[in-house]
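Please keep the sequence and the structure in view while reading.

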Amino acid sequence: MTAPDPGPLTDLLRRTAFADRVEHARRRSGLPWEPWPPEATAPPSHDTGTALWNLLHHGRRPGRGLDTSLAERLTALGLTDDTGGPGRWEVTAFRGLLAARDRAGRQGAGNVYIGEDSLRFVDTILRARPTGRALDVGCGSGITTCALALTCTEVTGADLQQDCLDATALTAALNGLGDRVRTRQGDFFQSHSPGDTLNCVVANLPYVPVPPSLRYSAAGDGGPDGLDLNRRLLRRAVGLLDPRDGLLITRFQSLGDASGPLLLPEIEAFAKEAGHDVSVVADGRTVPEVRAALTALHAQRHNPELRPAEVLETVDAHMRRFEQPHYFACGMVSRSGGTGRVTFTDLSGTLSLGDVLTAVPGARGEAVDAAVRLYRGRALDLPDGFWEIGTGDDVAVTEQRLPALLAAVADAGPAGLTGRDLARGVFADRFEADPLRSRALLVTTELMTGCLADKGLMEGNSAQ
């Protein structure tokens, strides 16, 4: 495949602060991990920088024609169509790195994925500062490939889908990293065999637990418990990584319990075999019902013969089979030259929906105000996937109904009630109106009760 030639476009995007515009919109939206931050109003396209921002990020045709040579370059790259309107690709940015995906992706029908987990994974890679020869398994948009290329000398982005390889090549070109990045099409698990060992392997593989009876996008299907591909990666990585200078970095989601994700035993086996020390950090946690809602939402278009309620019921039944109370979102960094030690750190909330909540007698009113302030701050960093089923109204209504939440816990007396029962009681109208999307309120209720507990207004104990 011939590498894209952005010509002067890379420098132009840098000079006109394209990445800064995206980060500014992200800050204004209050969504720190949103790949496609919205803009409340469309500024006029009187200058080239604003025109490119509107065109490439928002898909808005420029108010006036661009310079002829620039317009031709954009069309050649697939960033505009033959009429000068939005083209095949749209562009976003994170931590100064540009990233392209197919424009249809915003409606959920594209082949190239960029989500909140993608951005969190970029941060994990940047903190790890890998060097040498690297491989990005399932490169997708190429944003993680380019994060590697900032410090690595040679990076291969591997993917099954040609659209993803095209996106990765364009992303590398737009970042001025095309000389360090190459792409390779094929099934990594069956056909990839680098000539020499690698210094770094990274992967953000499909992790959705999918019932065998449902069809689902290959971009998300991780097998029955969501961990099939991650298990295969751990087995394969032992033979790929340099035993003296090897680094494995992954992003994964997993069912689990108080001891951690279900994947931990496989990670421990890998660490011992490879001689690695491994750090696993859970930066988000929700309940299986929320993951089930997300899965059902995305499964509906692949199973049109089923009613939405049937899809949700199927996924719920499947998730209950595992009898796990939590669903974790994790980053993992594994380094060679260790003793096989695995450290799991859970940075998620202090309470879970399965905990039994009781009111703390004599709590002061100012503590409520402090809990609300805490809730507003933490609501900026909700778990991966929340905004796919939830809205700002779900965040707001949880604060609005705080008196009802406090009253329900107080009325339960010493016996208390679980966070799950609290949410379904206080928001019964919402759950009746929309059984799927209302599950976002399980997330916000768990967040609010954690804030209330941190400010001494309630206590939570694990249900026996």
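## Cysteines

A disulfide is taken to be a pair of cysteine sulfur atoms within 2.5 Å, and by this rule the count comes to 0 disulfides. The sulfur of C152 has its closest cysteine sulfur in C200, at 5.5 Å, which is too far for a bond.

C152 is buried, with a relative accessible area of 0%, and C451 is likewise buried at 0% relative accessibility; buried means under 20% relative accessible area, computed with a 1.4 Å probe on protein chains only.

## Basis of the model

The model is predicted, so that local features need pLDDT of at least 70 and side-chain atom pairs count only at pLDDT 80 or more, while totals for chains, interfaces and linings use all residues. Residues are numbered from 1 along each chain as its sequence is written, and side-chain values use heavy atoms, with hydrogens and water left out.

## Helices α2 and α3

The axes of helix α2 (residues 18-29) and helix α3 (residues 48-58) come within 10 Å and cross at roughly 65 degrees, and the crossing is right-handed. In this contact (heavy atoms within 4.5 Å), F18, R21, V22 and A25 of α2 meet G49, T50, L52, W53, L56 and H57 of α3. By class, the contact of α2 with α3 has 6 nonpolar, 3 polar and 1 charged residues.

## Helices α9 and α10

Helix α9 (residues 228-240) and helix α10 (residues 264-274) have axes that come within 10 Å and cross at roughly 0 degrees; the two are therefore roughly parallel to each other, a term for angles under 35 degrees. R231, L234, A237 and V238 of α9 make the contact with E266, I267, F270, E273 and A274 of α10, and these residues divide into 6 nonpolar, no polar and 3 charged.

Technical notes
Axes are lines fitted to C-alpha atoms, for helices over the stretch in contact, and angles run from 0 to 180 degrees between N-to-C directions. Helices (H or I, at least four residues) and strands (E, at least two) are DSSP runs, numbered from the N terminus. A crossing is left-handed if the near helix is turned anticlockwise from the far one by less than a right angle, and right-handed if clockwise. Ala, Val, Leu, Ile, Met, Phe, Trp, Tyr, Cys and Pro count as nonpolar, Asp, Glu, Lys and Arg as charged, and the others, Gly among them, as polar. Buried means under 20% relative accessible area, exposed over 50%, partly exposed in between (1.4 Å probe, protein chains only). Angles under 35 degrees count as roughly parallel, over 145 as roughly antiparallel, 65 to 115 as roughly perpendicular and the rest as oblique.
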